[in-house]
Amino acid sequence: MKLFLLCITFLGLSFYTMADLSAEQKQKVVGYGRECIAETGVEKELVSKVRQGSFSDDPKLKAFAFCLSKKIGLQNASGDVQADVLKQKLASIVNNADSINNLIFACVQKKATPEETAFHTFVCYYENTPNHVSIF
Ligand SMILES: *[C@@H]1O[C@H](CO)[C@@H](O)[C@H](O)[C@H]1NC(C)=O
């Protein structure tokens, strides 16, 4: 049973990786990540943990999320989510308009601060995408 689940997961992952970001896009995001680590002083270890699905409740990690979100263009300087940009980015990852609209509906919620908004949005995508799309 476990092996069966593992195979399904593996197939799912390979399938989604094909529809994943282009190498160039990926490199850009990696570059932004480096810049935001430098700008916010977040511990690198906390950022690596995010890639494994563990989101620490850390103010610097939230600042990092907002920094990245701004650089990608998902939020503007005042912290408002730019729904059009978001739709366009998600369209290159998720190949289904309904899923995209559901994701946006579920995940775009304005929180008390731009940092909280960014953090919540990233966690929400992670939890609501089959391959755990991490925009990080
Ligand atoms: C950010 O976007 C919101 C709505 O999209 C807009 O009202 C606000 O003026 C924008 N802020 C900046 C700094 O561009």
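Residues 24 or more positions apart account for 50% of the contacts in the protein with a separation of 6 or more. Contact here means heavy atoms within 4.5 Å. The model is predicted: local features need pLDDT of at least 70, side-chain atom pairs count only at pLDDT 80 or more, and totals for chains, interfaces and linings use all residues. Residues are numbered from 1 along each chain as its sequence is written, and side-chain values use heavy atoms, with hydrogens and water left out.

The protein has seven helices and zero strands. Its pattern along the sequence reads α-α-α-α-α-α-α. Helices (H or I, at least four residues) and strands (E, at least two) are DSSP runs, numbered from the N terminus. Of the 136 residues, 33% are buried. Buried means under 20% relative accessible area, exposed means over 50%, and partly exposed lies in between (1.4 Å probe, protein chains only). The protein exposes about 8,500 Å². Carbon and sulfur atoms supply 57% of that area. Accessible areas come from the Shrake-Rupley method with a 1.4 Å probe; for residues, only the protein chains shown count as cover.

Helix H3 spans residues 44–51. Its residues Leu46, Val47 and Val50 are buried. They lie on the same side of H3, because they cover an arc of only 100° around the axis. The arc is that of the directions from the helix axis to the C-beta atoms. The cover over the buried residues of H3 includes helix H2 (23–40), helix H4 (59–72) and helix H7 (114–128). The face turned away from the buried side carries the exposed residues Lys44 and Arg51. Gly53 follows H3, and its phi is positive, near 90°.

Helix H7 also holds Thr117. This residue is buried, with a relative accessible area of 2%. Neighbours within four places in sequence are left aside in the contact lists here and below. On that basis, Thr117 is in contact with Gln75, Gly79, Val81, Gln109, Lys110 and Lys111.

Val108 sits in the loop between helix H6 (97–107) and H7. It is partly exposed, at a relative accessible area of 29%. Its contacts beyond four places in sequence are Val81, Leu86, Leu103 and Tyr125. Val108 and Cys124 are 16 residues apart in sequence. Their C-alpha atoms are 8.6 Å apart in space.

Ala106 lies in helix H6. Its relative accessibility is 33%, and it counts as partly exposed. Beyond four places in sequence, Ala106 is in contact with His120 and Cys124. Ala106 and Thr121 are 15 residues apart along the chain, and their C-alpha atoms are separated by 9.1 Å.

The ligand is surrounded by Asn76, Ser78, Asp80 and Gln82. A residue is near a molecule if one of its heavy atoms lies within 4 Å of it. This shell divides into no nonpolar, three polar and one charged residue. Ala, Val, Leu, Ile, Met, Phe, Trp, Tyr, Cys and Pro count as nonpolar, Asp, Glu, Lys and Arg as charged, and the others, Gly among them, as polar. An oxygen atom of the ligand is 2.3 Å from an N or O atom in the Asn76 side chain. A nitrogen atom of the ligand is 2.6 Å from an N or O atom in the Ser78 side chain. For the Gln82 side chain, an N or O atom is 3.5 Å from an oxygen atom of the ligand. Taken alone, the ligand exposes 370 Å², and the protein buries 37% of that.

Terms used:
Polar contact = N/O pair within 3.5 Å; in protein donor to acceptor, adjacent residues only side chain to side chain.
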